[in-house]
Amino acid sequence: MSQGKATRIMWYVSTRGMAPRVDFEGALFSGYAPDGGLFMPEELPQLHIQTLRQWSALSYPSLVKELCNLFIGPELIPRDVLNDLIDRAFRRFRCREVVHLSRLRDGLNVLELWHGATYAFKDLSLCCTAQFLQYFLEKKEKHVTVVVGTSGDTGSAAIESVQGAKNMDIIVLLPQGHCTKIQELQMTTVLSENVHVFGAGCIAQKMGLPIRLVVAVNRNDIIHRTVQRGDFSLSEAVEPTLASAMDIQVPYNMERIFWLLSGSDSQGTRALMEQFERTQSTSLPKELHSKLLGAVTSESVSDEAITRTMGRCWEENQYLLCPHSAVAVSYHYRQTDRQQPSLPRCCLAPASAAKFPEAVLAAGLTPETPAEILALEFKETRCTPMRKGDDWTLMLRNTIESLSWPQRGHS
C-alpha cells in the first residue's frame, strides 16, 4: 500500500499465520492473536520521500494523526473524529509539543518521551489506545475489563488513561520488588472506581524512514545476544538492575521483528517461536540473523556504566538522565569517545529521572522531584494483596465477574 493511493482497509494478520485477518478494531480488542501470535499489518504503507519531507515539519500530535489514519482507516474512525480523539489523548501532557528534543553537548540529542501524566513513555501510546477503545465501546454500547501485567510504567500509564471511563474497568497486577516506590505509589494511590490493583522502530524503517536502529539493553541481554549471535534463549534468571523496566526475560516484540525481517514468513516465525516456547532456547536461521544484523546494532550496559553515564551527562550538560535513558546515552558516549564518524544520533528517553531517585543517588547526584510526585506520599493507597498460597486465578475471576454483573444488568 503506497501513500497517495485510494484508501482501502488496513488488515492485520498474525505473525504465526493460523488466525483469520482482522481490521484495526479487531486487533485492538484481541491482544494476542487466537493462534498465539501477534498482529501485524498485512501490508505496510510505503512513504514517498515527498511525504517524509512534508511530515518532518509537523508537530508530534499532527504526525500521530497522519500515521493513525494510515493504520486505522477512515472507514473505522472518520478523520475528524480521529483528530479529536488524539487531541483529547494528549490534553494532559505537560509540554505543548508532547515530546521534547534536548540538544546537548558533542552531538548528544535526547528525545524526551516522558511528559505525560506518569512521567514515562507509555503515556504516549496508552492515552491514545484508551481513546480508541472508548470510541468503539461507546459506538457499540459495550463494556470490557482490561487486565494489565506490568513491570512498572505500563500499569500507571494504563490507570491514568482509563480513570473514569464509563465503558472500561481495569485490573492491574502489581509486581512486588520489581518497581520503584514512586511507580508503586502511582498505581495504588486513590483511584477511580473502575480501577483495581493487585500486588517498535523496525516498522518505520520498513516504511521508508532513513534511520539506523540501535538497541541498548542492561545486563538482561536476550535482545543483545539475539542480534549479535542469533542466540534467542532465556538466561537462568532475571538480574535486578538500576534500569528495572528492562529487567525482562521474554521481549515479546521480537516475534514481530522476526516476522517483519523474514518477509512475513508466518510458517518460519511460528516454528521459531513454538520451539522457543517449548525449550526456552532457539537459534535464528542464518539468513534471518543476517537481516537482523543489517537492520539493528545492539549493546549491553552494566549498572556501573549506567551510573557513570548519568554522572557524565550531568557534569557536561547539567541534564539528569533516568537509568533507562542512560543505557542509550552510554552507547552514544562509547561511539564519540572512539571518535567514530557518525550520522546525527538521537537517544530516546523513556522516563523522567524523577521516577528513579534510587538510581540518581547511586550515581552520586541529587534527585529532582516534581511536586505532584512528592504529593503521592501523602495520598491514600488501595491495593488488594495476593499472598503466596492464595488462588490468584480465582481472585481475578471473582473480581472480573463482580465487574461484569452490573454491566449485564444495565444491558
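**Aromatic contacts in a predicted model**

The protein contains 17 helices and 12 strands, taken as DSSP runs numbered from the N terminus (H or I of at least four residues for helices, E of at least two for strands). The structure is a predicted model, in which local features need pLDDT of at least 70 and side-chain atom pairs count only at pLDDT 80 or more, while totals for chains, interfaces and linings use all residues. Residues are numbered from 1 along each chain as its sequence is written, and side-chain values use heavy atoms, with hydrogens and water left out.

Of the 411 residues, 49% count as buried, that is, under 20% relative accessible area with a 1.4 Å probe and protein chains only. The protein exposes about 20,900 Å², of which carbon and sulfur atoms supply 52%; accessible areas come from the Shrake-Rupley method with a 1.4 Å probe, and for residues only the protein chains shown count as cover.

The structure holds 8 aromatic pairs (rings of Phe, Tyr and Trp, the last by its six-membered ring, with centres within 6.5 Å; edge-to-face if the planes are over 60 degrees apart). One of them, formed by Phe24 and Phe132, is edge-to-face, at 5.8 Å centre to centre and 85° between the planes. Because Phe24 lies in helix α1 (residues 24-30) and Phe132 in helix α5 (residues 122-140), this pair ties together parts that are 108 residues apart in sequence. Phe24 is buried at 14% relative accessibility, as is Phe132 at 5%. Ring pairs also link Tyr12 with Phe24 and Phe132 into a cluster.

Charges over rings (NZ of Lys or CZ of Arg within 6 Å of the ring centre and within 35 degrees of the ring normal) include Arg94 over the face of Tyr119, at 3.5 Å from the ring centre. Arg312 lies over the face of Tyr333, at 3.9 Å from the ring centre.

How values were computed:
Buried < 20%, exposed > 50% of the residue type's maximum accessible area, 1.4 Å probe, protein only. Phe/Tyr/Trp six-rings, centres within 6.5 Å; stacked < 30°, edge-to-face > 60°.
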